[in-house]
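Trainee: Could you take me through the pockets in this model, one part at a time?

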Amino acid sequence: MNFNRPDIDAQTQLELEAAAFRTLRTHLMEQRTDAQNIDMMNLAGFCRNCLSRWVQEAANERGIEMSKDEAREAYYGMTMDEWKANHQTDATQQKQAAFKQAFDENVAKK
């Protein structure tokens, strides 16, 4: 993101981006728990798991060892098993097929 404004220095930009990320996380984790990961992936090419993976990758790039499960628990605020039990619904075969394609296009090739 580049604001191209002289009054927004690198630290301020970092803080604005972090605030936007926190707002997105709150929106997805508290306000829109009904939005299923599979639907997000099929429509947008990313989901909550992608966001947690990006946190993990950023930590690992900075020399902070973080497992996939640790990143997910940090992002979700609970274990994946808890999230699934509380919020995840069964996906149709059509959604699962669309997910496979979206995953292959957006995640597997990276």
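Mentor: Start with helix H3, which supplies five residues, the largest share of the lining of the largest pocket. Helices here are DSSP runs of H or I with at least four residues, numbered from the N terminus. Keep in mind that this is a predicted model, where local features need pLDDT of at least 70 and side-chain atom pairs count only at pLDDT 80 or more, while totals for chains, interfaces and linings use all residues. Residues are numbered from 1 along each chain as its sequence is written, and side-chain values use heavy atoms, with hydrogens and water left out.

The largest pocket holds about 450 Å³ of space. A pocket is an open set of points on a 1 Å grid over the protein atoms alone, where a 1.4 Å probe fits and protein lies on both sides within 12 Å along at least five of seven lines; lining residues have an atom within 4 Å of a point. The volume is the space filled by probe spheres set on the points, which are joined across faces, edges and corners. Of the 24 lining residues, Asn 37, Cys 47, Asn 49, Arg 72 and Phe 99 are the closest to the centre. Helices H2 (37–44), H3 (48–61), H4 (68–76), H5 (80–87) and H6 (93–108) each give two or more residues to this lining. By class, you get eleven nonpolar, eight polar and five charged residues; Ala, Val, Leu, Ile, Met, Phe, Trp, Tyr, Cys and Pro count as nonpolar, Asp, Glu, Lys and Arg as charged, and the others, Gly among them, as polar.

H3 turns up again in the second largest pocket, where H1 (10–31) and H3 are the elements giving two or more residues. That pocket has a volume of about 330 Å³, and H1 brings the largest share of its lining, five residues. Leu 14, Glu 17, Ala 18, Phe 21, Arg 22, Val 55, Ala 58 and Arg 62 line it, which makes five nonpolar, no polar and three charged residues.

Now for Gln 56, which lies in H3. Gln 56 counts as buried because its relative accessible area is 14%, and buried means under 20% (exposed is over 50%, partly exposed in between, with a 1.4 Å probe and protein chains only). A polar atom of the Gln 56 side chain lies 3.0 Å from the backbone oxygen of Met 66. Leaving aside residues up to four places away in sequence, Gln 56 touches Met 66, Ser 67, Lys 68 and Ala 71, where contact means heavy atoms within 4.5 Å.

Technical notes
Polar contact = N/O pair within 3.5 Å; in protein donor to acceptor, adjacent residues only side chain to side chain.
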